[in-house]
Amino acid sequence: MTIRDLIKQGYEFLEGAENAVLNCEVVLANVLGVEKEYLIAHSDQEIGGDSEFSEDLADLYMAYLKKVKSGEPVAYILKEKEFYGLNFYVDNRVLVPRPETEQLVETILNYLEEKYGVKRGNREFESDAEKFRILDVGTGSGNIAISLATNFQNLEAVALDLKDEALEVARVNVNQHGVEDRVELYQSDLLDVIDEGEKFHVIVANLPYIGTKTNADVEENVEKYEPGSALFAGEDGLDLYLKMFQQIEEKNVGYEMIVGEFGSMQRKDMEILLDNFFEQRWRIEKDLAGLDRMFVVMG
Ligand SMILES: C[S@@+](CC[C@H](N)C(=O)[O-])C[C@H]1O[C@@H](n2cnc3c(N)ncnc32)[C@H](O)[C@@H]1O
């Protein structure tokens, strides 16, 4: 059986479900320990027999596809998810990082580049360069803080999460990406551990924002497999952002920019909230699908 045959067999097994080919490719590449592009370039390669890839791997591939068919997120099955060009360890202790969230990272990198005249991806340490301080609230797998830290050597992040088990996953990723000296992880209910008057260049948050009443149409498999503590935030879904803004105000936490993600159905409520705390200093941006997704507050 060749790589091509296995993809076809997997596709038929998944009965042409959404993303069936992509899921087969991602799973097979992971099982064989190769890049996805390898599958296309070597589609006639045999699995089993004298091949470097044993028959067992084809069995494992089909076992994983059974889980895919039952609705389990591919990222949890493979224990990995790509985010902003990096590989993150994930399991059901954290939300699977979503592509929409990459826009938050991009916005922050753009801001720092433009304001401070620095270039992302510069891995040289410039000792006299401005040190950037980022606060990441609700860090989950650590995907946002780590993506930022890997782009600027002079960036330090304080990453907070309510859940110890999420922080355990973030710790794995911090170590895997070698940023343990620049990404500090703390258990904290929102900004509880942040001192009065602390200053950050950017505060970023992708807090739970699904409303139990107003926005309850969560996909069945999301609710079934992903942690509820990463999804829901009160009746209208904005409870945690309200509390976060209150804490920033009460503790007089300094920032140049706050960036956060919210649900496209919440624009009206989010506008009222932003107006209450930040008057005219905010804007809302859409994601690549054209849906309202991100707020940006300027300090
Ligand atoms: C939507 S997930 C986002 C995870 C990650 N930042 C991302 O973008 O993929 C929200 C995270 O916020 C955490 N969280 C929920 N309530 C919190 C609170 N009161 N204080 C701090 N973190 C909280 C959850 O445990 C979860 O890891």
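Biologist: Why is Lys-163 called partly exposed?

Modeller: Lys-163 has 18 other C-beta atoms within 10 Å. A residue is buried if 20 or more other C-beta atoms, placed from the backbone, lie within 10 Å of its own, exposed if 12 or fewer, and partly exposed in between. The count of 18 falls in between, so Lys-163 is partly exposed. This is a predicted model, in which local features need pLDDT of at least 70, side-chain atom pairs count only at pLDDT 80 or more, and totals for chains, interfaces and linings use all residues. Residues are numbered from 1 along each chain as its sequence is written.

Biologist: Where does Lys-163 lie, and what separates its C-alpha atom from that of Lys-119?

Modeller: Lys-163 is in the loop between strand S4 and helix H8 (164-176). Helices (H or I, at least four residues) and strands (E, at least two) are DSSP runs, numbered from the N terminus. Along the chain Lys-163 and Lys-119 are 44 residues apart, and their C-alpha atoms are separated by 34 Å.

Biologist: What makes Val-94 buried?

Modeller: Val-94 has 30 C-beta neighbours inside 10 Å, so it counts as buried. Its place is the loop between strand S2 and helix H6 (102-116).

Biologist: Which residues is Val-94 in contact with, leaving aside neighbours within four places in sequence?

Modeller: They are Gly-140, Ser-141, Ala-166, Val-169 and Ala-230; contact requires C-beta atoms, placed from the backbone, within 7 Å. Glu-226 is 132 residues from Val-94 along the chain, and 7.0 Å separate the two C-alpha atoms.

Biologist: Which residues come nearest to the ligand?

Modeller: Gly-138, Gly-140, Leu-162, Asn-206 and Ala-230 come nearest, out of 23 residues around the ligand. To be near a molecule, a residue needs its C-beta atom, placed from the backbone, within 6 Å of it. Helix H7 (143-151) and strand S4 (155-161) are the elements that give two or more residues to this shell.

Biologist: How many residues of the shell around the ligand are nonpolar, polar and charged?

Modeller: The shell holds 13 nonpolar, seven polar and three charged residues. Ala, Val, Leu, Ile, Met, Phe, Trp, Tyr, Cys and Pro count as nonpolar, Asp, Glu, Lys and Arg as charged, and the others, Gly among them, as polar.

Biologist: Why are the buried residues of helix H1 said to be on the same side?

Modeller: In H1 (residues 3-13) the buried residues are Ile-3, Leu-6, Ile-7 and Gly-10. They cover an arc of only 100 degrees around the axis, which puts them on the same side of H1. The arc is that of the directions from the helix axis to the C-beta atoms. These residues pack against helix H2 (20-32), helix H3 (36-41) and helix H4 (55-69).

Biologist: What makes His-42 partly exposed?

Modeller: His-42 has 15 other C-beta atoms within 10 Å, so it is partly exposed. His-42 is found in the loop between H3 and H4. From His-42 to Arg-4 there are 38 residues in sequence and 8.6 Å in space, C-alpha to C-alpha.

Biologist: Why does Asn-252 count as exposed, and what is its phi?

Modeller: Asn-252 counts as exposed because 10 C-beta neighbours lie inside 10 Å. Its phi is near 55 degrees, a positive value in a residue other than glycine. Most residues other than glycine have a negative phi. Asn-252 sits in the loop between helix H10 (239-250) and strand S7 (257-261).

Biologist: Why does Glu-279 count as exposed?

Modeller: Glu-279 has 8 C-beta neighbours inside 10 Å, so it counts as exposed. Phi of Glu-279 is positive, about 45 degrees, although the residue is not a glycine. Glu-279 belongs to the loop between helix H11 (267-278) and strand S8 (282-286).

Biologist: How do you know that the radius of gyration of the protein chain agrees with that of a compact globule?

Modeller: A compact globule of 299 residues would have a radius of gyration near 19 Å, and the protein chain has 21 Å, which agrees. The radius is taken over C-alpha atoms, and the globule rule is 2.2 Å times the number of residues to the power 0.38.

Biologist: Which domains make up the division of the protein chain?

Modeller: The division is into domain 1 (3-70) and domain 2 (84-298), with bounds from an automatic or database domain assignment. Taken over C-alpha atoms, their centres are 35 Å apart.

Definitions and conventions. Contact = placed C-beta atoms within 7 Å.
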